[in-house]
Amino acid sequence: VFIAAFAPDANEPVGAFTERYPSDLAASLIPDAAGFLYIDIAKYHNVFAGDLSVQLTRVMAVAQKPVHGSVLGQSVPAAAWRTIPSWYLVAQEDRAISPQLERFYAKRMNAKTSEIKSSHLPFISHPRTGRRTNRGGGERQSAMNCALRASLGQTFAIWGPWQEGAL
């Protein structure tokens, strides 16, 4: 399950398509002396979590965990989506990863795809989106529901209290 995420193929660098599908994230990253990258605190809200309150994103900005700059050049030897069914949730208002890049990944992996009007953090800004929906008389699960159940159970439990209005 991929939620507004990079989805590289085998031996493909994570950042392989960031020039073809640019976003605001690259210009918002600040490196430290060890090569770790942080999102500029002043830009965090607009780039990473524009549909969350400023109050909440201030807390998130100062508590963010960095990523090492070398990550965008790294690759994996195999892509799980090549051998197992995949789901992808495109965040239509994502400014960290281009929604066009998210759609490219989803199409390439033949993922069951859903879209949501959200920033890069739909599991926080739209926590109820993951509920089962009943369409046309048959039940189906959204990509968000699959994500919350399959891969974000613990993360979502940690983030849950940070939902809008909780601070």
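Trainee: Among contacts in the chain between residues at least 6 apart in sequence, what percentage join residues at least 24 apart?

Mentor: This is a predicted model, and in it 68% of such contacts join residues at least 24 apart. For this figure, a contact means heavy atoms within 4.5 Å.

Trainee: How many helices and strands are there in the chain?

Mentor: The chain has six helices and eight strands. Their order along the sequence is β-β-β-α-α-β-β-α-β-α-β-β-α-α.

Trainee: What share of the residues count as buried?

Mentor: Buried means under 20% relative accessible area. Here 39% of the 167 residues of the chain count as buried.

Trainee: How much space lies in the largest pocket, and which residues lie nearest its centre?

Mentor: The largest pocket holds about 870 Å³ of space. Its lining consists of 33 residues, and those nearest the centre are Leu25, Ile39, Phe48, Val67 and His120.

Trainee: By class, what residues does the lining of the largest pocket have?

Mentor: The lining has 26 nonpolar residues, six polar ones and one charged one.

Note on methods
Residues are numbered from 1 along each chain as its sequence is written. This is a predicted model: local features need pLDDT of at least 70, side-chain atom pairs count only at pLDDT 80 or more; totals for chains, interfaces and linings use all residues. Side-chain values use heavy atoms; hydrogens and water are left out. Helices (H or I, at least four residues) and strands (E, at least two) are DSSP runs, numbered from the N terminus. Buried means under 20% relative accessible area, exposed over 50%, partly exposed in between (1.4 Å probe, protein chains only). On a 1 Å grid over the protein atoms alone, a cavity is a set of points where a 1.4 Å probe fits but cannot get out, and a pocket is an open set with protein on both sides within 12 Å along at least five of seven lines; lining residues have an atom within 4 Å of a point. Grid points are joined across faces, edges and corners, and a volume is the space filled by probe spheres set on the points. Ala, Val, Leu, Ile, Met, Phe, Trp, Tyr, Cys and Pro count as nonpolar, Asp, Glu, Lys and Arg as charged, and the others, Gly among them, as polar.
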